[in-house]
Amino acid sequence: MTTPDRNTITIEPSRRLRRYDRMIFGQFLEHFHRQVYGGLFEPGSPLADEHGFRMDVVEALGELRVPIVRWPGGCFASAYHWEHGVGADRQPSYDKAWSVEDPNTFGTDEFVAWCRLIGAEPYICTNAGSGGPEEMSNWVEYCNLESMGRWARMRRANGSKAPHRVRYWSVGNENYGAWEIGTKTRDEWGRLVAESAKMMKRVDPGIVLLAAALPDVDWTMELLRQAGGYLDYVSIHGYWDALHQENRPGGYEACVSRCLAPEDAIRKTRQIIAGAGYEGRIGIAFDEWNLRGWHHPDKGGAAFADVRARDKNDLNSTYTMADAVFSASFLNTCLRHCDAVGMANMSPVINTRGPLFVHPRGIVKRTTFHVMAMYANHLRDNVADARVESSPLEYAEKSVPVLDAVATCDDDRSHWSIAVVNRHPDRETACELSLGGGGLSGQHDALVLSGPAPDAYNDVECPDRVAPARASLTFEDGRGSFPPHSVTILKIGP
Ligand code: AHR
């Protein structure tokens, strides 16, 4: 990688401020491997409460101030019948998405209760694969009607007298893909979303509605043509280190060289929404994102059938400062596009590739947990205009700026938190930072996540090898520097 020569961060405090939606710090939970069973839900564990919720997990997610959790999938959703997961008599189902048995002991009522426990909005992804508009709208009845009809009465009989008040719903998951149960053509998809949305909104006109989309004109323009009038967001997904078949995680440079890819997807989707005439009315929900694709290889010609291989997602050495630098870059991108991106959900929240690893005796906060905590707790409410000029880092015909930064401030512009990413694998990066025309000077508090090396990670044996450190950064006439392979929240103000 080349050595950058001059890097500047120029912040214009007098220009417009844009309030971002905290839903960009959202999370995703799927019935896959050990995310639910053996993850957040472990009845009988000494670490679980009377409902089977791991309380160490609840406490850790409280640190992230998780605003929203999407559930139950993902591919799982496309063959999931929600009625199997409610009521006293839970019979196991064969999960056709992931070729395992699901005990159904964690269903809608448990999910909503868990979301309320961690302080997050529940967001339900419905079955547009083997299901249809009636099953989707019945689910809305079950969750949101007070007492009218059989489904609301069923909820009350199951012990929840008050409605669950689930506001966020999506029609389907990736029904554009051949891998998905219930793949649709774009024409079929537009019509199904419209009919499903019609029935769901007839039950509760106040729901916020999303639908599976792509940064692809053909698919999403047709979706918006047929169903745009019902939608609040289009949902897009991204995984940039594709590992589902071969579990060979990319190294630091290879991963960091992909940091600009999420913005391509956002820009294309924004153009399509604008082209369909919905700019400012329909937002983007990046409701599955992770540097690392999940490992679920095919076996003997059957998609995703090698179940035992999924244990490789649990290798904590996979999740290094590459994941932290990429994730911080991703969140910076969402912040820069906060006028269009209103939600993002890390995929997933627990185990698999998530920020929190859960094992029978406790938890491990992976590097990405610390990034999510830094952003969720230390940024200010508004994104200010900031221009970053930075020399390139080149790797394998890709080029990314060595520095990435987003400036946030409170409403009166008195307190600032600048999120700065130094992508260089082994060099401290100097830069000139100006705020309102003057170069920054003096000592300023900061929170720095860097770890001892680019490939540093946390695991059960050493859970704090990588952890945020408080620091005091010195600037003189704007000149300062950031450690290699680091994510910094720089605080400016009284
Ligand atoms: O690899 C996990 C899968 O990725 C999710 O279930 C699906 O939504 C996406 O294709």
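**Notebook: sheet, helices and ligand site**

I began with helix 10 (residues 367-378), which lies across strand 20, strand 23, strand 24 and strand 26 and runs at about 15° to strand 26. Helices (H or I, at least four residues) and strands (E, at least two) are DSSP runs, numbered from the N terminus. Axes are lines fitted to C-alpha atoms, for helices over the stretch in contact (heavy atoms within 4.5 Å); angles run from 0 to 180 degrees between N-to-C directions.

The model is predicted: local features need pLDDT of at least 70, side-chain atom pairs count only at pLDDT 80 or more, and totals for chains, interfaces and linings use all residues. Residues are numbered from 1 along each chain as its sequence is written, and side-chain values use heavy atoms, leaving out hydrogens and water.

I traced seven strands in an open, antiparallel sheet, ordered 2-15-19-20-26-23-24. Strand 2 (18-19) and strand 24 (469-475) are at the edges with a single partner strand each, so one side of each has no neighbour in the sheet. Pairing requires at least two DSSP bridges. I found seven bridges between strand 19 (residues 403-409) and strand 20 (residues 416-422). L403 sits opposite N422 in strand 20.

Then I looked up the ligand. Residues around the ligand (a heavy atom within 4 Å) include W98, W179, Y239 and H296. I checked polar contacts (N or O pairs within 3.5 Å). For N173, the distance from a polar side-chain atom to a ligand oxygen is 3.1 Å.

Notes: Polar contact = N/O pair within 3.5 Å; in protein donor to acceptor, adjacent residues only side chain to side chain.
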